[in-house]
Amino acid sequence: MFEGANLSSLAHEGAHWYLDLLFRMSKSKNPHPFVTAQMARILEFAGKSQEWDGMFDAKGDFTEEGRKLQEQFAEAFEVYLMTGKAPSVGMRSVFNTFKQW
């Protein structure tokens with residue numbers, strides 16, 4: 001992975017991957033209702049509107065807001081795995097789905 005990695009690194013990086021995947025799928029032409037619901041919970045957690053589309057810039061790189069959301073999500077997922085506590089009921093559903101997957 002990278003220098004300084006620890007036991008939580010895989011979960012943290014996996015959370016980045018999961019959020020990236022959900023976000024990209026939610027922006028597809030006909031996203032599955034499950035994906036839309038999961039992203040709605042995540043955006044609510046982050047204080048973003050359901051129409052928010054600021055994860056990536058025109059080049060496809062993360063924006064500062066996108067990077068912040070990624071870290072907020074990954075850190076909250078780590079806490080969930082260690083303590084079983086999610087920041088909201090909606091996020092508990094998102095995290096539990098990812099954990100089971």
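Q: Where do glutamate 64 and arginine 67 lie?
A: Both are in helix H3, three residues apart, about one turn of the helix; helices here are DSSP runs of H or I with at least four residues, numbered from the N terminus. This is a predicted model, where local features need pLDDT of at least 70, side-chain atom pairs count only at pLDDT 80 or more, and totals for chains, interfaces and linings use all residues. Residues are numbered from 1 along each chain as its sequence is written, and side-chain values use heavy atoms, leaving out hydrogens and water.

Q: What do glutamate 64 and arginine 67 form?
A: A salt bridge, with the closest N and O atoms 3.9 Å apart. The rule is a side-chain nitrogen of Lys or Arg within 4 Å of a carboxyl oxygen of Asp or Glu.

Q: How many salt bridges by that rule?
A: Three. Another one joins glutamate 65 to lysine 48, at 2.6 Å between the closest N and O atoms. Glutamate 65 is in H3 and lysine 48 in the loop between H2 and H3, so this pair ties together parts 17 residues apart in sequence.

Q: Switching to H2: which residues are buried there?
A: Val35, Gln38, Met39, Ile42, Leu43, Phe45 and Ala46. Buried means under 20% relative accessible area, exposed over 50%, partly exposed in between (1.4 Å probe, protein chains only).

Q: And which exposed residues are on the face turned away from the buried side of H2?
A: Pro33 and Glu44.

Q: What covers the buried residues of H2?
A: The cover includes H1, H3 and H4, counting contact as heavy atoms within 4.5 Å.

Definitions and conventions. Helix = DSSP H or I, 4+ residues; strand = E, 2+ residues; numbered from the N terminus.
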